[in-house]
Amino acid sequence: MLISKVTTEEAIADVEWETLVFFMGLFVMVGALVKTGVIDEVSRALADAVSGQPLVAVMALLGISAVLSAIVDNIPYVATMSPIVGELVAAQGGTAQAESLWWSLALGADLGGNATAVGASANVVALGLAARNGTPISFWTFTRYGLVVAGLSVLLAAPYLWLRYFALA
């Protein structure tokens with residue numbers, strides 16, 4: 001601000017306040033889930049459900065991550081799921097497929113986040129900028145196209161994970 005000579009009022013007017021408040025709320029919610037022990041309970045339940053079956057764990061994590069990150073922004077989703085994936089990796093006992101769990105989380109959250117306007121931070125920011133510039137894109141218009149893109153992407157990621165970590169490993 002010192003170099004550009006932009007006034008404080010001009011700088012504050014250009015801040016995407018709705019986006020910032022949205023993310024603050026999401027991170028508060030994630031913090032509450034960690035603090036109350038919900039994350040630990042989910043970690044244990046998921047590890048028990050798929051123990052000894054790494055392919056089931058990978059595909060379940062990919063699918064669950066894709067669906068949930070379409071509903072909850074993928075950044076706080078991954079922050080929430082990291083301890084759960086860590087628990088799943090520990091339950092696998094350090095097998096070669098343990099890396100595939102992290103890839104399942106990354107691919108599921110990233111690709112699933114394309115399904116809705118709130119699924120990825122970039123979507124929220126882009127829609128805010130589009131609206132500010134006179135080209136609003138509704139949630140449902142975005143979702144109509146986003147679901148197709150996300151669905152096809154996740155469908156392509158599943159055989160990749162199977163081939164990379166199980167069939168050709």
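Tutor: On the helix 5 side, the residues that meet helix 6 are Asn-74, Tyr-77, Val-78, Met-81, Ser-82, Val-85, Gly-86, Leu-88 and Val-89. Their partners in helix 6 are Ala-98, Leu-101, Trp-102, Leu-105, Ala-109 and Asp-110. Sorted by class, this contact holds 11 nonpolar, three polar and one charged residues. Bear in mind that the model is a predicted one.

Now the geometry of this pair. Helix 6 covers residues 98–112, and its axis comes within 10 Å of the axis of helix 5. The two axes cross at roughly 160°. Angles over 145 degrees count as roughly antiparallel, and helix 5 and helix 6 are therefore roughly antiparallel to each other. The crossing of helix 5 with helix 6 is right-handed.

Helix 5 also has a contact with helix 4, which spans residues 54–71. The axes of helix 4 and helix 5 come within 10 Å and cross at roughly 150°. Helix 4 and helix 5 are therefore roughly antiparallel to each other as well. Their crossing is right-handed. From helix 4, the contact involves Leu-61, Ile-64, Ser-65, Leu-68 and Ser-69. From helix 5, it involves Asn-74, Tyr-77, Met-81 and Val-85. By class, the contact of helix 4 with helix 5 has six nonpolar, three polar and no charged residues. Asn-74, Tyr-77, Met-81 and Val-85 of helix 5 take part in the contact with helix 4, and these four names are also found in the list for helix 6.

Helix 5 has a part in the largest pocket too. This pocket has a volume of about 190 Å³. Its lining is made of 13 residues, and Leu-33, Ile-39, Leu-68, Tyr-77 and Thr-80 lie nearest its centre. Helix 5, residues 74–91, supplies at least two residues of the lining, as do helix 2 (17–35) and helix 3 (38–50). The largest share, five residues, comes from helix 5. In the lining, 12 residues are nonpolar, one is polar and none is charged. Tyr-77, one of the residues nearest the pocket centre, is also among those of helix 5 that meet helix 6. Leu-68 is likewise nearest the centre and belongs to the helix 4 side of the contact with helix 5.

As for the whole chain, there are eight helices and zero strands. The C-alpha atoms fill a box of roughly 60 × 35 × 30 Å along the principal axes.

Definitions and conventions:
Residues are numbered from 1 along each chain as its sequence is written. This is a predicted model: local features need pLDDT of at least 70, side-chain atom pairs count only at pLDDT 80 or more; totals for chains, interfaces and linings use all residues. Side-chain values use heavy atoms; hydrogens and water are left out. On a 1 Å grid over the protein atoms alone, a cavity is a set of points where a 1.4 Å probe fits but cannot get out, and a pocket is an open set with protein on both sides within 12 Å along at least five of seven lines; lining residues have an atom within 4 Å of a point. Grid points are joined across faces, edges and corners, and a volume is the space filled by probe spheres set on the points. Ala, Val, Leu, Ile, Met, Phe, Trp, Tyr, Cys and Pro count as nonpolar, Asp, Glu, Lys and Arg as charged, and the others, Gly among them, as polar. Axes are lines fitted to C-alpha atoms, for helices over the stretch in contact, and angles run from 0 to 180 degrees between N-to-C directions. Angles under 35 degrees count as roughly parallel, over 145 as roughly antiparallel, 65 to 115 as roughly perpendicular and the rest as oblique. A crossing is left-handed if the near helix is turned anticlockwise from the far one by less than a right angle, and right-handed if clockwise. Contact means heavy atoms within 4.5 Å.
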